[in-house]
Amino acid sequence: MTGAETEDDIPLGERKTVTDFCYLLDKSKQLFNGLRDLPQYGHKQWQSYFGRTFDVYTKLWKFQQQHRQVLDTRYGLKRWQIGEVASKIGQLYYHYYLRTSETSYLNEAFSFYSAIRQRSYYFQVNKEDRPELVVKKLRYYARYIVVCLLLNKMDLVKVLVKELSEEIEDYTQRFNTEDQLEWNLVLQEVAAFIEADPVVVLNDNNSVVVTSNRLQEGSVPPLEQGMVVGQLVLADALIIGNCNNQVKFSELTIDMFRMLQALEREPVNLATQTSKQGTLEPNEKPAKRENPHKYLLYKPTFSQLFTFLSASFKELPANSVLLIYLSATGVFPTGHSDYEGPYDFGGVLTNTNRDVVNGETVQKRNQAQKEMHCLHPGDLFPFTRKPLFVIVDSSNSTAYKNFTNMFGQPLVCLLSPTVYPKSVQDQSQRGSLFTLFLYNPLLAFSSVCGLNGVQQGLWERAQEFLHKVYRDIGQMIARSRTIDQAFLQFFGDEFLRLLLIRFVFCSAALRLHKLFRESRSFPESYPELPKQETVESSLLQKHILELATILDVQSLFWDDSLEAY
């Protein structure tokens, strides 16, 4: 309320407008703050609460649009406050994406974040002597960058990082704050994240071309008529990241970031969905679920991991698959017991305060005892009562070869190499080579051949050739007389089919590469694949040499694969 004006001087209707706005604002804050108390797992408990929160924010957003003039004069509504409401709606959509895995909600979050910047809602914040308001602006930038990274808007990310850097510099110069180092770390993390891809695709002007790595229409080899495969559907995935010293931003390691995109379809009509700034309105109606539901767990403790695993297992629908992706530091056993069971091979690290030396954990206990802060193969046994698809990217991935399929349900484990040549190992901070193959095989193949950049025309030609290779690998798997039926039972799902095909391609490519000489440098699986019919197939070896010739790196591969053995 302005000047010496008393409440009695304000017309009743305008006073009611201000009162209603204050009520909606308080209610929205109360509901938003309550979101953090909701359980992070389970599909149903949170939906009604999210619905109510969306409903109040929709009303609040429309209310401030309809009564902007009254709120400006009578309430003193500032532009940063409107920005704060838009930012909260963006956060709601982003969290809805995390809970549903629907990429359309990422587009909605982008719309609101984009509008805040286009309309300069936070512009006046820098003129106010209130550091907490500037922090709101900085947090908005960090959230906007995460959404842009997930939508592969790399050019915009670079612009936003530059703006954020300037904002941080201004903030730290104006206010003597203790969080300067934290914000500089945010900048360093996102800069490393942007540079994580080892190979770039360049157009004719030598500008970087951004390629999408989500599942696209026509990118999965179709099932041939007469192929007998299972009808299982990938419904849930746990994506776990606990690697020491790997590039990360927010609570996403680069491996987690890559795997989550490998388990999503390309959003439809992206261009039309992101140009809504003119008529910005929340739209809380959920779309049809196209992607498997995902939990993203960054450095979870054993109890957190087990809780999410149990919740996924409990809610898994009939004829569905649970996928567990583990990108984590290896934990090795200290001694050998007489009886080697599922807790005698070590596993992968779960989070705790502990000493880490050279990326591997140091045991400080009686040798007869098992490592407590570790996910052992035996810990997964109870979950093999339902179809389970496990991917382990770790220096001790082979611990998970020691599985026993106790309940006769479909079970497959894809296991990374445990040792890499030095030139590859030196790049591990930028993400694992194995996960890179599962995410974008051509990127991984180019990287392992020492290429830093590939011209767009050559890239597209190589991709086209790879599609033919994928089709042939699909036929090898489906037509094999000796392959374990578990592989075929998962082959009906497009996401799992593509992961299996990429796994076979990775295994075959590394076997032929001259740098990869140890058997520990090759991926493995449980159950084992019939090598002669898949990863050591002469047809597939011929294809890999052809791909190497397209990229002019054939000298790095054994021409006659018999020389390698």
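Where does P527 lie? P527 sits in the loop between strand 16 (524–526) and helix 19 (538–550), and we will come back to it below. This is a predicted model, in which local features need pLDDT of at least 70 and side-chain atom pairs count only at pLDDT 80 or more, while totals for chains, interfaces and linings use all residues. Residues are numbered from 1 along each chain as its sequence is written, and side-chain values use heavy atoms, with hydrogens and water left out.

**The whole chain**

- The chain holds 19 helices and 16 strands; helices (H or I, at least four residues) and strands (E, at least two) are DSSP runs, numbered from the N terminus.
- Of the 565 residues, 55% are buried, where buried means under 20% relative accessible area, exposed over 50%, and partly exposed in between (1.4 Å probe, protein chains only).
- Take the contacts (heavy atoms within 4.5 Å) between residues at least 6 apart in sequence: 77% of them join residues at least 24 apart.

- Strand 13 (residues 388–393) is largely enclosed by the rest of the structure, because six of its six residues are buried.
- In a regular strand the side chains alternate between the two faces of the sheet.
- Here L388, V390 and V392 point one way, F389, I391 and D393 point the other way, and all are buried.
- Strand 7 (residues 320–328) pairs with strand 13 in the parallel sense over six bridges; two strands pair if DSSP finds at least two bridges between them.

**A closer look at L411**

- L411 is in strand 14, and it counts as buried because its relative accessibility is 1%.
- Leaving out residues up to four places away in sequence, L411 touches T384, L388, F403, N405, A486, F490, Y526 and P527.
- L411 and Q485 are 74 residues apart in sequence, and their C-alpha atoms are 9.6 Å apart in space.

- The 21 residues of helix 7 (residues 154–174) should span 30 Å at 1.5 Å a residue, and its end C-alpha atoms are 30 Å apart, which agrees; the expected span is 1.5 Å times one less than the number of residues.
- Its buried residues fall within an arc of 135° seen down the axis, so they line one face of helix 7; the arc is that of the directions from the helix axis to the C-beta atoms.
- Those buried residues include M154, L160 and Y171, whereas D155, K162 and Q173 are exposed on the other side of helix 7.
- Helix 5 (103–118), helix 6 (131–150) and helix 8 (180–194) are among the elements that cover the buried residues of helix 7.
- In helix 8, the buried residues are W183, V186, L187, E189, V190, F193 and I194.
- They cover an arc of only 165° around the axis, which puts them on the same side of helix 8.
- The face of helix 8 turned away from that buried side carries the exposed residues L181 and Q188.

- Most residues other than glycine have a negative phi, and most peptide bonds are trans.
- The peptide bond from Y526 to P527 is cis, with omega near -10°.
- N152, in the loop between helix 6 and helix 7, has a positive phi of about 60° although it is not a glycine.
- N319, in the loop between helix 11 (302–315) and strand 7, also has a positive phi, near 55°.
- N152 is buried at 13% relative accessibility, whereas N319 is exposed, with a relative accessible area of 58%.

**How confident is the prediction?**

- The mean pLDDT of the chain is 88, and 90% of its residues reach 70 or more; pLDDT is the predictor's confidence in each residue, from 0 to 100.
- Among the elements of the chain, strand 13 has the highest mean pLDDT (98) and helix 10 (residues 270–273) the lowest (41).
- pLDDT stays under 50 over residues 354–358 and over residues 561–565.
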